[in-house]
Amino acid sequence: EGNRALDIAKLAAQTGHITLDDGYANTGSTASRITFVDGEKGVLRYRGYRVEELAERCDFTETSYLLIHGELPSAEQLEEFRTNVRQHTLLHEGMKQIFAGFPPDAHPMAILSSVVGALAIYCHDSLDPADEEQQELAIYRMLAKMPTIAAFSYKQSIGQPFIYPENRLTYCQNFLQMMFAVPSERYEMDPAFVDALNLVLILHADHGQNCSTSAVRMVGSSTVNLFSSISAGICALWGALHGGANEACINMLEMILNDGRNLGKYIDKARDSNDPFRLMGFGHRVYKNYDPRAKVIKEVCHRLLENHGQEDPLFELAQELEEVALNDSYFVDRKLYPNVDFYSGIIYRVMGIPKNMYTVLFALGRLPGWIAHWREMHLAPNMRIHRPRQVYMGHSERDFVPLIKR
Ligand code: CMC
């Protein structure tokens, strides 16, 4: 795709210099064949396929196969993949005790990272990344158990009984059922919600060397197991500058709505370099154009709301805010556009998903991407532990001062 790079691996040995690049704005940490992003043109492709086309024509499990294995599956391969994932959806019963120990106000992202980390306790026959069979088993387990853990986190937080996975259902149907069904009533699933969830998960499935994926690779490069590596990725995703922006964005829109829809005030705050306020769901390290994911998500918001005969004041407000920002010189000059997190919360609101679960859904979507990168790293012939250098700026050597004299 014409990406060009300077290989500086031997620079220190040859010149005594390292390179310094705060926040890795200009540093490639790896060569990868998984996802292509052209931030200037607003292009995103998984394994060469445009994300918009995959979102329209694939389901999430098929996309997961593509990301992890590099090719679209044949009908047979896909069926085998689905069956293998289905076989691992249950959690060890002992894990319910872990959930029971969490306080009701725990954030589901904290629960998710903890319980995914705990899979390493229960699945110790699939911890060795160097063993191909164990690696494969860990991947199926991870894909299968993540929706169960995510839904149980929610049920725990609202004090409802856990709903066990039902393996005749699709990946997305199963998740919605585990989230919203209760044992005392029949759960009627809205097919439009299943479709919307499928699409949103596909749009989140990978994005190159973003913060959480880099965390998964960094942690995984020590050769620790998949569960621990993914748990690290979930922690990284939670932050408001990354996946946590979807929850933060809805909080921001509510704040603006409750403050008399005073858009000008918040645009001014975002422009003010002395004010920490930023427009959440706006801007991106790579995209200097409209994020293609945000475009699709915005269309889905329109479709879902229309189909359900609803209006959402937050969606109206978000569109007004976008309009104002895209015509403001501050945002124009810096090429700041809505990103994937700007409108996704609106879809979740229509579906009845609570705010503190938004980033959990991002995690569910990003999981196959994390797995694909972890696997790609382990298959690479030149895999090395990730160990960046630093430019030391502290004291030079000094004499120790005993406590009594300090
Ligand atoms: N609101 C106001 N100003 C902004 C924003 C924003 N949302 N984003 C960037 N800027 C300004 C920033 O202050 C800086 O201005 P100046 O050049 O005058 O100092 C300039 O634009 C460049 O920003 P940066 O912080 O150097 O850019 P970055 O690449 O380090 O950060 C970002 C990217 C996504 C963290 C940032 O745009 C941001 O904080 N956005 C809001 C949070 C958000 O929506 N995050 C989700 C990202 S997309 C999905 C994901 O990765 O999870």
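In which helix do Arg57 and Glu53 both lie, and how many residues apart are they? Both belong to helix α2 (residues 51-57), where they are four residues apart, about one turn of the helix. Helices here (H or I, at least four residues) and strands (E, at least two) are DSSP runs, numbered from the N terminus. An α-helix has 3.6 residues a turn, so residues three or four places apart point the same way.

The model is a predicted one, in which local features need pLDDT of at least 70 and side-chain atom pairs count only at pLDDT 80 or more, while totals for chains, interfaces and linings use all residues. Residues are numbered from 1 along each chain as its sequence is written, and side-chain values use heavy atoms, with hydrogens and water left out.

The side chains of Arg57 and Glu53 meet in a salt bridge, with 2.9 Å from N to O. A salt bridge is a side-chain nitrogen of Lys or Arg within 4 Å of a carboxyl oxygen of Asp or Glu, and by this rule the count comes to 20. Arg57 is exposed, with a relative accessible area of 61%, whereas Glu53 is partly exposed at 33%. For these words, buried means under 20% relative accessible area, exposed means over 50%, and partly exposed lies in between (1.4 Å probe, protein chains only). Another salt bridge joins Arg50 to Glu52, whose closest N and O atoms are 3.6 Å apart. Arg50 is partly exposed at 45% relative accessibility, and Glu52 is partly exposed at 26%.

A further salt bridge brings together the side chains of Arg349 and Asp312 (2.9 Å, N to O). This pair links distant parts of the chain, 37 residues apart: Arg349 sits in helix α17 (residues 340-351), and Asp312 in the loop between α14 (292-307) and α15 (313-326). Arg349 is partly exposed, with a relative accessible area of 30%, but Asp312 is buried at 5%. Salt bridges that share partners join Glu254, Asp312, Arg349 and Lys355 into one network.

Among the buried residues are Phe60, Glu62, Tyr65 and Ile68. Asp59 caps the N-terminal end of α3, with a side-chain oxygen 3.1 Å from the backbone nitrogen of Thr61. After α3 comes Gly70, which has a positive phi near 95°.

Helix α18 (residues 358-379) is also largely enclosed by the rest of the structure, because 20 of its 22 residues are buried. From its first C-alpha to its last, α18 reaches 32 Å, close to the 32 Å expected at 1.5 Å a residue; the expected span is 1.5 Å times one less than the number of residues. A kink of about 45° lies at Arg366, shortly before the proline Pro368. The bend at a residue is the angle between axes fitted to the seven residues ending there and the seven starting there.

Loops deserve a look too. Leu20 is found in the loop between α1 (11-15) and β1 (35-38), and this residue is exposed, with a relative accessible area of 61%. Tyr24 is in the loop between α1 and β1 and has a positive phi of about 55° although it is not a glycine. Lys335, in the loop between α16 (329-333) and α17, is another residue other than glycine with a positive phi, near 55°.

How values were computed. A polar contact is a pair of N or O atoms within 3.5 Å; within protein, one must be able to donate a hydrogen and the other to accept it, and residues adjacent in sequence count only if both atoms are side-chain atoms.
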